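Have the picture ready as you read.

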Amino acid sequence: LIIFVEKGIFHIQIPKADPTSWMLMESEKNIGLVAKESVCKYEQGIFFAGQDHLYYLDANFNANPVTDTIRDDYQKYNNS
């Protein structure tokens, strides 16, 4: 289970053997979701819109920016 907030990304780990021993883990401290409609599952990860980039959250919960080459354009339209 992944939880997106404006200033962070969290995931909840729930073991099958004992669901009551779940853990909340922070994946990203300074990267968050700015547009809930942008969340899109793709293969083994999730695309989502952050403040400064469009990101791909991989299976290891690493947020990888995919808009490096168009960062200025992305930020111009994201802030409008």
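Q: What makes up the charge count of this protein, and how far apart are the centres of the positive and negative sets?
A: This is a predicted model, and the protein in it carries 7 positive and 11 negative side chains. The centres of those two sets lie 3 Å apart.

Q: Why are the side chains of Asp 52 and Arg 71 said to meet in a salt bridge?
A: The cut-off is a side-chain nitrogen of Lys or Arg within 4 Å of a carboxyl oxygen of Asp or Glu. For Asp 52 and Arg 71, the N to O distance is 3.8 Å, so the pair meets the definition. As background, side chains of opposite charge can pair when their charged atoms come close.

Q: What makes this a link between distant parts of the chain?
A: Asp 52 sits in the loop between β5 and β6, while Arg 71 belongs to helix α1 (residues 71–78). The two are 19 residues apart. And if you search the whole structure, you find one salt bridge.

Q: Why is Asp 52 called partly exposed?
A: Buried means under 20% relative accessible area and exposed means over 50%, with partly exposed in between. Asp 52 has 25% relative accessibility, so it counts as partly exposed.

Q: Why does Arg 71 get the label partly exposed?
A: Try the cut-offs again: Arg 71 comes in at 37% relative accessibility, so partly exposed it is.

Q: Is Phe 61 buried, exposed or partly exposed, and where does it lie?
A: Phe 61 has a relative accessible area of 24%, so it's partly exposed. You'll find Phe 61 in the loop between β6 and β7 (63–65).

Q: How do you know which residues Phe 61 touches?
A: Contact means heavy atoms within 4.5 Å. Leaving out residues up to four places away in sequence, Phe 61 touches Ile 2, His 11, Ser 27 and Glu 28. Phe 61 and His 11 are 50 residues apart in sequence, yet their C-alpha atoms are 8.2 Å apart in space.

Q: What makes up the largest nonpolar core?
A: That core has nine residues: Phe 4, Ile 9, Ile 31, Leu 33, Ile 46, Phe 48, Tyr 55, Leu 57 and Ala 63. Strands β5 (45–49) and β6 (54–57) each supply at least two residues of this core.

Q: Which residues is Ala 63 in contact with, leaving aside its neighbours within four places in sequence?
A: Ala 63 is in contact with Glu 28, Ile 31, Phe 48, Tyr 55, Tyr 56 and Leu 57.

Note on methods:
Residues numbered from 1 in each chain as written. Predicted model: local features only at pLDDT ≥ 70, side-chain atom pairs only at ≥ 80, totals over all residues. Heavy atoms only, no water. Lys, Arg positive; Asp, Glu negative; His and termini not counted. Charge placed at Lys NZ, Arg CZ, Asp CG, Glu CD. Core = buried A, V, L, I, M, F, W, Y, C linked by side-chain atoms within 4.5 Å. Buried < 20%, exposed > 50% of the residue type's maximum accessible area, 1.4 Å probe, protein only. Helix = DSSP H or I, 4+ residues; strand = E, 2+ residues; numbered from the N terminus.
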